[in-house]
Amino acid sequence: MKKLVVLSGAGMSQESGIRTFRDMGGLWEEYDVMEVATPEAWQRNPELVMRFYNDRRKQLYGCLPNAGHIGLFELEKDFDVEIITQNVDDLHERAGSSKVLHLHGELKKVRSQKDPSLIYELDGWELKFGDKCEKGSQLRPHIVWFGEAVPAMDEAVSIAEKADIFVVIGTSLDVYPAAGLLYYTQPDIPIFVIDPHEPPVSGKNVIFIEEKAGRGVEILKEKLKEL
Ligand code: APR
């Protein structure tokens, strides 16, 4: 079976009702990223950071996987599909995808402020001050904030290197190191890009599908039959 590797971003979940970051009306238009998504923000104004992620988590409980997520799960019949996602939602998993690597953390998980190896599933949407790990430290969102290391990156690189087909869905490719994953793919493998606005990817092996994720994955399936 050919290995089909997907790099997904916020646009993947847009049709599920989750806002992207950098589009018009995106989250970073309403919030200053430095005030809610950095370790410094957590030091300075933990209430705001806590509320920001509690709101995101609460909203996620009301969202469902869309046709794009489901289409990627269905591709597992014909391909060894591995998904590397920048998204912190669990919509790929809920659609049934079996191999999902989260580069930027997971909204439904929390971890110890002192010991990053102590990670827990949060029961419900609300993390509170006073919720502590087994060693007594405050729990924080299990999110990779700007300025923090991306622990899953080595694994992501090794997945990207093995791809026979690479698919980029719904990411502006603005944020590194995630955006650099494309550089690790083997030369000349087909690279499909699904996005209503063309992100900065070029090359003769790039096939751009100018669509939202749901319809885009449907078209991708047709194009894969022609390979
Ligand atoms: N289907 C597919 N793509 C879409 C859709 C859709 N329905 N709607 C928007 N898009 C595209 C936009 O055109 C854009 O290229 O999704 C992309 C969203 O880009 P960003 O908002 O920058 O999101 P992303 O690339 O995932 O951001 C990367 O930045 O703030 C951080 O940690 C956060 O993981 C995030 C990272």
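Which of the 22 residues around the ligand come nearest? They are Q14, R22, T171, S172 and D195, where a residue is near a molecule if one of its heavy atoms lies within 4 Å of it. This is a predicted model, in which local features need pLDDT of at least 70, side-chain atom pairs count only at pLDDT 80 or more, and totals for chains, interfaces and linings use all residues. Residues are numbered from 1 along each chain as its sequence is written, and side-chain values use heavy atoms, with hydrogens and water left out.

The ligand lies between domain 1 (1-17 + 65-104 + 149-227) and domain 2 (19-62 + 109-143), because both give residues to the shell around it; the bounds come from an automatic or database domain assignment. An oxygen atom of the ligand is 2.6 Å from an N or O atom in the side chain of D195. A polar side-chain atom of H104 lies 2.8 Å from a ligand oxygen atom.

The structure holds 15 salt bridges, each a side-chain nitrogen of Lys or Arg within 4 Å of a carboxyl oxygen of Asp or Glu.

K3 is buried, at 11% relative accessible area, and E82 is buried at 15%. R44 counts as exposed at 54%, whereas E35 counts as partly exposed at 31%. Buried means under 20% relative accessible area, exposed over 50%, and partly exposed in between (1.4 Å probe, protein chains only). K3, D80, E82 and K99 are linked in a network of salt bridges.

Key:
A polar contact is a pair of N or O atoms within 3.5 Å; within protein, one must be able to donate a hydrogen and the other to accept it, and residues adjacent in sequence count only if both atoms are side-chain atoms.
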